[in-house]
Amino acid sequence: MSVITEDKVKRTWGYVAEFDTAASVYEAAKAMREGGYRRWDVHSPFPIHGMDGAMGLGPSFLSRIVFCGGLAGSLTALLLQFGTQVGLYPTIVQGKPDNLFTIPAFFPVTFELTILFSAFTILFSLLVIIRLPRLHHPLFESKLFTGFSDDKFIISVEARDPKFAREGTREFLQSIGAKQVELVEEEL
Amino acid sequence: MSTQPQVEQDLRGVAREPLVLSGRDYKWITNRICGVVENKQPLIWWLVAVPGALLSLVLLFTLVYLVSTGVGVWGLNQPIAWGWDITNFVFWIGIGHAGTLISAILFLTRQKWRTSVNRAAEAMTLFAVVCAGIYPGFHVGRFWMVWFLAPVPNANAIWQNFKSPLLWDVFAVSTYFTVSVIFWYIGLIPDLATLRDRCKPGLKKALYGIFALGWRGGNRQWRHYEMGYLLLAALSTPLVLSVHSVVSFDFATSVVPGWHTTIFPPYFVAGAIFGGFAMVLTLMIPCRAIYGLHDMLTPKHIDNMTKIIVLTGTIVGYAYLMELFIAFYGGNPFEVDAFHMRTVSGPYVWSYWAMMFCNVIAPQAFWIPWCRKNLVVVMCVCMCVNTGMWYERFVIIATTLARDFLPGQWGYYEPTWVEIAMFVGSHGLFLFLFAMFIRFLPMIAISEVKGVLPQSDPHYHPAH
């Protein structure tokens with residue numbers, strides 16, 4: 001589906017369809033799912049309650065990664081404190097022993113590092129999962145698309161979707177209530 | 001059977017007040033909040049930002065003077081080795097509590113009104129923690145040696161004492177700052193995308209674009225984003241409570257009469273929330289008037305925050321009285337004397353009663369609905385609380401140290417001009433940073449406010 005315009009080769013990336021309200025895009029998302037599309041997304045200015053269900057997405061698995069991050073934080077803190085206070089540089093101060101039983105004094109730092117490691121895990125694993133940062137995306141070429149960050153609701157369908165058809169998908173998007181539909185192309 | 005209009009009439013009394021007034025739509029919210037960043041700043045912004053910048057330079061000057069001359073330029077001496085520096089540290093770190101409290105605890109408890117205030121409160125938190133961090137950093141005397149606080153191997157093969165609350169404090173405050181930055185930034189990403197999409201191509205768009213990370217607001221992004229935000233809120237909630245608890249351990253684990261009390265952690269946390277909310281109101285009420293945010297920062301928001309102030313203020317008042325009671329009931333003569341000198345006969349009695357008036361008596365006005373609605377009263381009480389919370393830290397630190405166990409060790413502490421200039425300068429830095437925040441970043445969380453509008457519910461139908 002490549003066409004040559006001027007001296008740049010462009011390829012169809014997909015369609016974007018604009019909706020006016022959260023309610024209409026919610027219904028449209030259900031229709032998209034029932035229509036059997038797979039490589040599509042709903043872009044909205046805020047997270048729409050219940051949209052995961054409408055799109056057929058399960059709960060996020062981020063929490064499991066973060067649990068591991070937090071555990072790593074606890075272990076790091078305990079190793080750091082036992083290693084230095086019991087192994088490398090034992091000091092008997094503040095009426096506390098320099099063996100295993102000094103552990104209550106280590107709780108605050110263990111707690112803080114657990115939170116710190118979890119927070120960094122959230123930030124970085126979130127970025128990896130949602131594939132950000134990226135400097136450019138074909139969607140930013142679309143005139144309709146940028147409305148998503150203001151007051152519009154956008155459904156994007158990729159040409160890579162097995163159900164995608166140049167005419168059929170446009171008609172389908174219009175039939176499920178899209179106000180406007182735009183073809184998005186990417187430069188090769 | 002009542003008719004349909006009758007039912008609607010009855011429900012009106014029960015239904016919750018809307019969080020955004022005048023039936024504003026998404027477009028209005030975007031334009032109004034982004035307008036603050038995009039339009040020329042009003043004169044009053046310059047009147048805050050320029051003096052703020054100049055006072056920050058005063059702070060810088062005093063710090064250079066301190067480092068080049070020595071920590072003796074402060075009025076600290078035996079027996080009072082902690083003075084305005086640690087007072088200001090605890091004061092600023094306390095103010096820094098409201099932001100993450102609003103973001104985290106109110107998020108977990110599903111208090112949707114938080115959306116209008118959380119961004120500015122989080123920014124305030126970060127700037128307050130920046131101001132706070134300066135003091136202990138320079139209090140160590142040789143600022144270039146602060147890296148000794150970090151557990152890294154050094155040439156002397158000496159390791160930090162992890163049993164010390166002072167080291168816990170290093171971890172608590174630096175973790176708090178880092179996590180607050182992450183929380184704030186993750187919250188900012190969708191709003192930076194909004195600013196990016198509104199800019200004309202150019203440097204501004206490129207910068208907002210880079211910081212927005214290419215956010216596309218797809219639900220496949222939102223679902224992980226929301227989970228990440230929820231997890232951060234869940235982790236920050238105990239973190240907020242821990243930070244001021246750990247700060248209070250600096251005092252409570254010592255054997256100094258007046259400090260050695262088990263009530264300190266909850267008392268400090270309540271005080272921090274109290275002082276933090278007062279500072280949020282002190283900043284947001286003028287912003288609301290200057291930038292016309294009345295429909296998003298409604299009387300309901302102010303009402304809720306004043307209620308939190310009266311609640312936490314009363315907890316603080318209870319803690320003050322309980323300290324006195326335990327001093328009497330515990331039967332420790334040093335403790336009794338410490339509180340006697342604090343309240344009746346010591347050199348700093350005036351500061352104790354200033355604290356009592358500002359923190360316990362003044363906020364009681366908020367029991368009266370009229371006082372919660374009248375912004376002049378709200379501002380006056382909040383200024384009282386801001387002052388009172390500073391006095392509270394001063395009372396705890398200076399009055400206690402001024403009267404050591406033996407009369408021969410008694411002393412009196414007065415700040416030098418350097419400490420006063422640093423204190424004023426840190427306020428300048430705080431205001432300057434806040435002004436920069438207003439100038440360059442959306443001060444209300446655009447995507448979150450949009451999310452609490454009634455039409456954001458996918459099952460909303462205007463016909464109802």
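Select R131(A) to begin: with 12 C-beta neighbours inside 10 Å, this residue counts as exposed. The classes of burial are defined by the number of other C-beta atoms, placed from the backbone, within 10 Å of the residue's own: 20 or more for buried, 12 or fewer for exposed, and partly exposed in between. R131(A) lies in the loop between α4 and β4 of chain A. Its phi is near 55°, a positive value in a residue other than glycine.

The model is predicted; local features require a pLDDT of at least 70, side-chain atom pairs count only at pLDDT 80 or more, and totals for chains, interfaces and linings use all residues. Residues are numbered from 1 along each chain as its sequence is written, while chains are lettered from A and ligands numbered from 1 in the order in which they are written.

The peptide bond from L132(A) to P133(A) is cis, with omega near -5°. P133(A) is placed in the loop between α4 and β4 (153–158) of chain A.

**Chain A as a whole**

Now display chain A as a cartoon. Its secondary structure comes to five helices and five strands, where helices (H or I, at least four residues) and strands (E, at least two) are DSSP runs numbered from the N terminus. Along the sequence, the pattern is β-β-α-β-α-α-α-β-α-β.

Colour the chain by pLDDT, the predictor's confidence in each residue from 0 to 100. Chain A averages 91, and 96% of the residues score at least 70. Within chain A, confidence is lowest in strand β1 (residues 2–5), at a mean of 56, and highest in helix α4 (residues 107–129), at 96.

What radius of gyration does chain A have, and what would a compact globule of 188 residues have? Chain A has 26 Å, whereas the globule would have a value near 16 Å. The radius is taken over C-alpha atoms, and the globule rule is 2.2 Å times the number of residues to the power 0.38. Along the principal axes, the C-alpha atoms of chain A fill a box of roughly 80 × 40 × 30 Å. Of the 188 residues, 41% count as buried.

**The interface**

Select the residues of each chain that contact the other. Here 54 residues of chain B are in contact with 60 residues of chain A; two residues are in contact if their C-beta atoms, placed from the backbone, lie within 7 Å. On the chain B side, α2 (26–38), α7 (165–198), α9 (219–252) and α17 (446–451) each supply at least two residues. The largest share of that side, 16 residues, comes from α9(B). By class, the residues of that side divide into 24 nonpolar, 19 polar and eleven charged. Ala, Val, Leu, Ile, Met, Phe, Trp, Tyr, Cys and Pro count as nonpolar, Asp, Glu, Lys and Arg as charged, and the others, Gly among them, as polar.

**Chain B as a whole**

Buried residues make up 47% of the chain.

**Two helix pairs**

Select α5 (residues 97–108) and α10 (residues 264–291) of chain B. Their axes come within 7 Å and cross at roughly 90°; axes are lines fitted to C-alpha atoms, for helices over the stretch in contact, and angles run from 0 to 180 degrees between N-to-C directions. The two helices are therefore roughly perpendicular to each other. Angles under 35 degrees count as roughly parallel, over 145 as roughly antiparallel, 65 to 115 as roughly perpendicular and the rest as oblique.

Next, select α11 (residues 299–330) and α13 (residues 349–361) of chain B, whose axes come within 8 Å and cross at roughly 140°. These helices are therefore oblique to each other. In this contact, α11(B) contributes G313(B), V316(B), G317(B) and Y320(B), and α13(B) contributes M356(B), N359(B) and V360(B).

**Loops of chain B**

Centre on A445(B), in the loop between α16 (417–440) and α17. Is A445(B) buried or exposed? With 24 C-beta neighbours inside 10 Å, A445(B) counts as buried. The C-alpha atoms of A445(B) and T30(B), 415 residues apart along the chain, are separated by 10.0 Å.

Finally, select Q78(B) and P79(B), which are joined by a cis peptide bond with omega of about 5°. P79(B) is found in the loop between α3 (43–69) and α4 (84–95) of chain B.
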